[in-house]
Amino acid sequence: MDTFELTLAAQDGPTAVLEVAGYINNEGGEVIAREARKLLDTGSRNLLLDLHATRIINSIGISLLLEVLERTLEVKGTLAFCSLTPSIAKTFQIMGLAQYARIFPDRATALFELARTQ
Amino acid sequence: MAEPVRLRLVLPQVARAELIAGDAVEKLGRRIAFPRDTLAEVKLAVVEACLNALEYGAGEVEVELAAHPNAARPWLEVVVTDHGPGFDPSGVARPVLEAKLHSKRKRGWGLELVRRLMDDVTITSRPGLTKVHMIRRTGGE
């Protein structure tokens, strides 16, 4: 699926879940960064990006996700990802992203762990 | 040994042109029974090589794909060519996440991904001709 779509799938207390579908390139990355900024500016502290419908993220999209990560760390929040394809998981591993962001196998686990460690 | 299946593409300078090459890799890889997850890694590496070529090259970008149907260990070979000003690959610093997080410039991951997702990568570059030659075997790293 290459058509990009971003949905605010849930917002519960400090945690917001963004469901991402399609190719994360410069355009998709900008949309995510804009929405994330809005959520952090209005009080969200945990951002969970559910990538189950995303098969490819290019390096420009990655750089925009790093902007989201930087902003999240600035407000002492947590950026988390779940439901990664193996190739996206490998991309994140190459970048060393797990040092700064949390990665979960699925949304239920992510929400449970984020609530538990608040 | 069966002959490789070859495909040559010329990418136009249009949005998402890199995906044309990525999709071709996927189709060709399936023909030689490349595992899906490995193929997804090759697709990303090719998308990145094409993005660089489209951004820094001048005009069209050529992509040559070859699927080698070796029964025991099939392999994919991709060459991305552009005609831009060229660059010194040894002068491209490896990105470090911590430094990127504190830097205004967060880009610069493309070449690192290409190198880490493929088994062999050779870059030759001079003004007017840059070639990124990549190979991925099944069961590679």
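1. Sheet of chain B. In this predicted model, chain B holds an open sheet of five strands in the order β1-β2-β3-β5-β4, paired antiparallel. Strands are DSSP runs of E with at least two residues, and helices are runs of H or I with at least four, both numbered from the N terminus. Two strands pair if DSSP finds at least two bridges between them. The edges are β1 (5-11) and β4 (120-126) of chain B, each pairing on one side only. From one strand to the next, the twist averages 10°.

2. Conventions. Residues are numbered from 1 along each chain as its sequence is written, while chains are lettered from A and ligands numbered from 1 in the order in which they are written. As this is a predicted model, local features need pLDDT of at least 70 and side-chain atom pairs count only at pLDDT 80 or more, whereas totals for chains, interfaces and linings use all residues.

3. β4(B) and β5 (residues 129-137) of chain B are antiparallel and share seven bridges. Within this chain, B:Thr124 has B:Lys131 in β5(B) as its bridge partner. Helix α1 (residues 17-31) of chain B packs on the sheet and touches β1, β2 (61-68) and β3 (75-82) of chain B. Its direction makes about 175° with that of β1(B). Axes here are lines fitted to C-alpha atoms, for helices over the stretch in contact; angles run from 0 to 180 degrees between N-to-C directions.

4. Helix pair in chain B. The axes of α2(B) and α4(B) come within 9 Å and cross at roughly 145°. The crossing is left-handed (the near helix is turned anticlockwise from the far one by less than a right angle; clockwise would be right-handed). On the α2(B) side, the contact residues include B:Leu44, B:Ala45 and B:Glu48. On the α4(B) side, B:Leu113 and B:Val114 are among them. By class, this contact has seven nonpolar, two polar and two charged residues. Ala, Val, Leu, Ile, Met, Phe, Trp, Tyr, Cys and Pro count as nonpolar, Asp, Glu, Lys and Arg as charged, and the others, Gly among them, as polar.

5. Interface. Contact means C-beta atoms, placed from the backbone, within 7 Å. On that basis, 19 residues of chain B are in contact with 24 residues of chain A. Helices α2 (36-56), α3 (97-101) and α4 (110-117) of chain B each supply at least two residues of the side that touches chain A. α2(B) gives the most, with eight residues. The residues on this side of chain B divide into nine nonpolar, one polar and nine charged.

6. Sheet of chain A. Five strands of chain A form an open sheet in the order β1-β2-β3-β4-β5, with mixed pairing. β1 and β5 (102-104) of chain A are the edge strands. Neighbouring strands are turned by 20° against each other on average, direction ignored. β1 (residues 5-12) and β2 (residues 15-21) of chain A pair antiparallel over seven bridges. A:Ala10 stands opposite A:Val17 in β2(A). In their hairpin, two residues lie between the strands, and A:Gly13 takes a positive phi near 60°. β3 (residues 46-53) and β4 (residues 78-82) of chain A run parallel, joined by five bridges. There, A:Leu49 has A:Phe81 in β4(A) as its bridge partner.

7. Confidence. The mean pLDDT (the predictor's confidence in each residue, from 0 to 100) of chain B is 93, and 97% of its residues reach 70 or more. For the complex, the predictor gives an ipTM of 0.92 and a pTM of 0.94. Where pLDDT is low, predicted coordinates should not be read in detail.

Methods: Two residues are in contact if their C-beta atoms, placed from the backbone, lie within 7 Å.
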